[in-house]
Amino acid sequence: MKQVIIIGGGISGLCSAYYLVKEGYQVSIIDKNDFTKGASFINAGYIVPSHFISMAAPGMITKGLKWMFNSSSPFYIKPRLDTEFFKWALHFKRAATAQKVERSIPVLKDLNLKSRELYEEMLSSTDFPFHYANDGLLMAYNSSEGEEEELKIAERAVAEGLEADKLSNLELRRLQPAFSKNIIGAIHYKCDSHTTPQHFMASLKTWLEEKGVAFYLQQEVRKIHTFQGKIISVETQDRTFEADEFVLAAGSWTSSLAYSLGLNIPIQGGKGYSTNVYRPLDVSIPAILVEAKVAVTPMDGFTRFAGTMEFSGNNTFIRKNRVEAIAKAVNTYYPEIKLSEEEKAAAVSGLRPVSPDGLPFIGRSGLYKNLTLGAGHGMMGWSLGPITGKLITQTISQKKALDHMQALNPDRFHLIRKQDGLKNTSS
Ligand SMILES: Cc1cc2nc3c(=O)[nH]c(=O)nc-3n(C[C@H](O)[C@H](O)[C@H](O)COP(=O)(O)OP(=O)(O)OC[C@H]3O[C@@H](n4cnc5c(N)ncnc54)[C@H](O)[C@@H]3O)c2cc1C
């Protein structure tokens, strides 16, 4: 039986393990954390075919510059001297053209639709139980600019075959009475679904363990040993692991591990925050509060409020003013909902692994015969978890994958070194 080691036990790593096990591989997962924190546990849980426009879109640079020095704005870049960030930002700028966004639309739409189908297939397989709801997603706006922008996207969504209904304030409040009378309206994307991430993660882990998957937690991969274009082993603080195949699914930390292998996988951690409210709230349909970019999700037993995109390096530091901004937005859109001091103090953070062109890196690098990557999903990593796992498994087992694999090619930002120069670089 072929052995596969997966570096990273987030949603990308776990879904890869799920499909690899089904194909008969012996899988081990190594993660530096304890399986309780990080983006895959604290996210808003949306599965979003409606999110077919990449973050690297025209207009984002101007918005980013406007918000750059305001640490309570929905999008924040901490001013700092970081050459990797500057290089990433340059790639982002190059990707933020109408033509490139247009090219990525069918890729993101198809990947999200396929992934939603795979979530539903997992659910009906009854392999492991998890919460999954099909209530759609409301994009609620309270400004004419927000309305204009959302209407354009909705029109395009309909042209792409997705179900999107425009709701007036009255129609919105008929569906969700907790919304303010001052909100202009919303687009209801009936194509979207949602889950409860940490419950899904725990349930899938139990299934994987029952199928013989070994979890090595609090083990940080610090070195990757290579020989003649192959990964031989990975080394953590405690031991060395050997395998036939390796999957690098280390989220926002993928770049540095890849760099040690001579690969250029530009990913920046985009920090987001979330907090859970366990008292009953009158929210039954997930919503994004458009102007504030806050996500509200009724999960299994609680409501989660999530938001902000902060580029300040790979850290989990909580900026209180950003949590306050989330609470304030919630209260503006839902006047009866006021987050308590305890609920705000319980906010946690996670890093979205953001690629410069809004597309993940999935597939083999040309440099190594037995290395497959699955990282850089940004704001859609939860939604794209199952399709990522499926594509990684198809790559390893050399089965025909989706047509879009070229767009996801991990080598698309060029390699750092030529293969000849790689020998012993990381051992
Ligand atoms: C507030 C917030 C809300 C979000 N909402 C949504 C949403 O509604 N829908 C959606 O689709 N996406 C959402 N996202 C994004 C989504 O959560 C991420 O894209 C996704 O979780 C990334 O999963 P991943 O497995 O690729 O990476 P991660 O979850 O980051 O997992 C990578 C793992 O690798 C481990 N690791 C890293 N380096 C090493 C090493 N050297 N050795 C061992 N282990 C290592 C880490 O500990 C980590 O557990 C949200 C994110 C945030 C922060």
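Predicted model: local features only at pLDDT ≥ 70, side-chain atom pairs only at ≥ 80, totals over all residues.
Colleague: How many helices and strands does the protein have?

Modeller: Its secondary structure consists of 12 helices and 21 strands.

Colleague: Why is the protein said to be as compact as a globular protein of its length?

Modeller: One compares the radius of gyration with the value from the globule rule. Along the principal axes, the C-alpha atoms fill a box of roughly 65 × 45 × 45 Å.

Colleague: What share of the residues counts as buried?

Modeller: Of the 427 residues, 59% count as buried. Contacts can also be read by separation in sequence: among those between residues at least 6 apart, 76% join residues at least 24 apart.

Colleague: Which residues touch the most other members of the largest nonpolar core?

Modeller: In soluble globular proteins, nonpolar side chains tend to be buried together. In this model, the largest such core has 66 residues, and Val 27, Ile 29, Phe 200 and Leu 208 touch the most other members. Helix H1, residues 11-22, supplies the largest share of this core, with 8 residues. A second, separate core has 29 residues, among them Leu 138, Tyr 273, Tyr 333 and Leu 339.

Colleague: Which residues does Phe 200 touch, leaving aside those up to four places away in sequence?

Modeller: Phe 200 touches Ile 11, Tyr 119, Met 122, Phe 128, Phe 130 and Trp 382.

Methods:
Residues numbered from 1 in each chain as written. Heavy atoms only, no water. Helix = DSSP H or I, 4+ residues; strand = E, 2+ residues; numbered from the N terminus. Rg over C-alpha atoms; globule rule 2.2 N^0.38 Å. Buried < 20%, exposed > 50% of the residue type's maximum accessible area, 1.4 Å probe, protein only. Contact = heavy atoms within 4.5 Å. Core = buried A, V, L, I, M, F, W, Y, C linked by side-chain atoms within 4.5 Å.
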